Number of protein chains: 2
Amino acid sequence: MIKLHEIAEGVKQGKIRALAKAITLIESRNLDHSVAATTLLDELLPASGNAIRLGISGVPGAGKSTFIESLGLLLTGEGHRVAVLAVDPSSQISGGSILGDKTRMELLARDPNAFIRPSPSGDTLGGVARKTRETMLLCEAAGYDVIIVETVGVGQSEITVASMVDFFLLLQIPGAGDELQGIKKGVMEIADAILINKAEGDNRPRAELARAQYVNALHLLKPRSSHWTVPALLCSALQQEGIAEVWATVLAYRQAMATSGEFDRKRRQQATAWMWTLVMDDLKDLFLRDRNVEALLGPVQEAVAGGITTPSAAARRLLEAFKRH
Amino acid sequence: MIKLHEIAEGVKQGKIRALAKAITLIESRNLDHSVAATTLLDELLPASGNAIRLGISGVPGAGKSTFIESLGLLLTGEGHRVAVLAVDPSSQISGGSILGDKTRMELLARDPNAFIRPSPSGDTLGGVARKTRETMLLCEAAGYDVIIVETVGVGQSEITVASMVDFFLLLQIPGAGDELQGIKKGVMEIADAILINKAEGDNRPRAELARAQYVNALHLLKPRSSHWTVPALLCSALQQEGIAEVWATVLAYRQAMATSGEFDRKRRQQATAWMWTLVMDDLKDLFLRDRNVEALLGPVQEAVAGGITTPSAAARRLLEAFKRH
């Protein structure tokens, strides 16, 4: 018997034990747990939403952990409570998440005002993201007022994280001349700021060159909001330089968005879009697990790929099989 | 009574009358017609697929019509048969498509080896795209060996067109210094070539500057294929300069993709992805028209946007209502 109300109260009082239990429920694959998790979330929802949600991405080696630790310590030093979550769709395959690993952020992990949680595992990005998104709500209900969601530059994971945060920060490092080649398609376009880390020592001139190139590249893109110009910033997480400027940028962004009304609008849109993503995922599941569809799917897909039947005819046949049920 | 077999035979013989009848079936909203269209398409499918499919986009004023006319006349002069189709999701609203308008391409419209068809109308981009995609197959079955699908730079329409063609050409014009600002997000990333039109007279230096800027910008993007580097080309459709080079680029692309096996792979992927798009669209339709869902949807969406219920709980409630049916 799960004492949901007790857990909910514990979470609201900011008790780590209760929060951990709640997250375990969210992450569980047990169907009873999943129903309990929904009830718990609905109970805690009114207490959530008060944090600023920050997404951070960057390729391995960009110094994400060092940066998050620097930023996290700066924030807890200012009295904030910081939760660090992660979305790593590869965590299943690699047999354990490389993200959110406490040993990577030793100082922050020992900070009583910080909470670090590795990426949940899952078969699909959607599944992983769902758990992280719900864990974010739990952390907010537990009084964390800055949520950092970390991800790697793999596939769709950045787009997914961007869709659950207020501010998306893209961490880059100055490379060997062709550094800008490495920008993944679409990622520049979801970033609210670009941060070039490791701008220290011999790296500094290259970091400044990279910064100028990013500024140029950003010019090519239509701004998403008329109230925000995406900046390219420099920092050295290792030497703790430029970290306060990053936080000031996040706050300036929040201010600008709140003033224009875009902050709330974006959150509402994110919630509605998220609902539709879940509905469509579940619908697809329902469809794929339908016995009539299952029997047809293989041959029909092959016929389409082989040019024997049109996509429309194939879709129609599958839908009819589904409706027969 | 629709004489499907007769129409199919007529299409295969390249008879314009039969082709027009077949397209009318495809475009019809009548359910019987829609079933007939599926049968017709399945019959004609083996005769389709032999054209090169070229997508062309550009903002109004980029000179799309003039360019397509120039290219089309060059191709019919070489013995090709050219079909020009269009995807204009705004055609419904504006009360008639601005695209594919024969009066815009007077010479090409009078060419017996060219076939110009305005954008089908439809409530959704998906609906418009579906009809155009199927019309493309009909034109191929009718012996057109170059299909040009034109679209405007509106919303998702470019992404949609790119998903149905072999080669996607983005038409730009040299602007007033800030021309690159105008590139829509994501569009650079689906282009297989960028073509700066109106590179004539006084415009020439600006066009060359723009070209250099595009080359730089393209450098920032990871190539989609290791066998193709996206070029930025110049042309003057008005003075018919640079048109043959564009066609040579398309042929070089096809050669490179065919050699690497990517050409067929892309087509197979497009067909399968298209099938899934149709399935998901139809599933969503089925879901939205479910009476139980209909009754719940409004209040549930509001509760999500207002932060009263979580997206997960809302999605679950809607799905359960759907399954009850």
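Visitor: How many salt bridges does the rule find across the interface of chain A and chain B?
Guide: The model is a predicted one. A salt bridge needs a side-chain nitrogen of Lys or Arg within 4 Å of a carboxyl oxygen of Asp or Glu. Across the interface of chain A and chain B, the number found by this rule is zero.

Visitor: How many residue pairs are in polar contact between chain A and chain B?
Guide: A polar contact is a pair of N or O atoms within 3.5 Å. With both residues at pLDDT 80 or more, the count of such pairs between chain A and chain B is twelve.

Visitor: Which helix gives the most to the side of chain A that touches chain B?
Guide: Several helices of chain A each supply at least two residues of that side, among them H3 (31–44), H6 (125–141) and H12 (291–305). The top contribution is 15 residues, and the helix that gives it is H11(A).

Visitor: How do the residues of the side of chain A that touches chain B divide into nonpolar, polar and charged?
Guide: The contact takes 59 residues from chain A and 59 residues from chain B. On the side of chain A, the classes are twelve polar, 14 charged and 33 nonpolar.

Visitor: What is the area buried between chain A and chain B?
Guide: The size of an interface is often expressed as the accessible area lost when the parts come together. Carbon and sulfur atoms give 67% of the area buried between chain A and chain B, and the total is about 5200 Å².

Visitor: What is the volume of the largest pocket, and which element gives the most to its lining?
Guide: The largest pocket has a volume of about 1700 Å³. Of the 40 residues that line this pocket, those closest to its centre include Gly127(A), Arg130(A) and Asp281(A). Helix H13 (311–324) of chain B also supplies at least two residues of the lining, together with elements of chain A. The most, nine residues, comes from H11(A).

Terms used: Residues are numbered from 1 along each chain as its sequence is written. Chains are lettered from A and ligands numbered from 1 in the order in which they are written. This is a predicted model: local features need pLDDT of at least 70, side-chain atom pairs count only at pLDDT 80 or more; totals for chains, interfaces and linings use all residues. Side-chain values use heavy atoms; hydrogens and water are left out. Contact means heavy atoms within 4.5 Å. Buried area is the accessible area (1.4 Å probe) that two parts lose on being put together, summed over both. A polar contact is a pair of N or O atoms within 3.5 Å; within protein, one must be able to donate a hydrogen and the other to accept it, and residues adjacent in sequence count only if both atoms are side-chain atoms. Helices (H or I, at least four residues) and strands (E, at least two) are DSSP runs, numbered from the N terminus. Ala, Val, Leu, Ile, Met, Phe, Trp, Tyr, Cys and Pro count as nonpolar, Asp, Glu, Lys and Arg as charged, and the others, Gly among them, as polar. On a 1 Å grid over the protein atoms alone, a cavity is a set of points where a 1.4 Å probe fits but cannot get out, and a pocket is an open set with protein on both sides within 12 Å along at least five of seven lines; lining residues have an atom within 4 Å of a point. Grid points are joined across faces, edges and corners, and a volume is the space filled by probe spheres set on the points.
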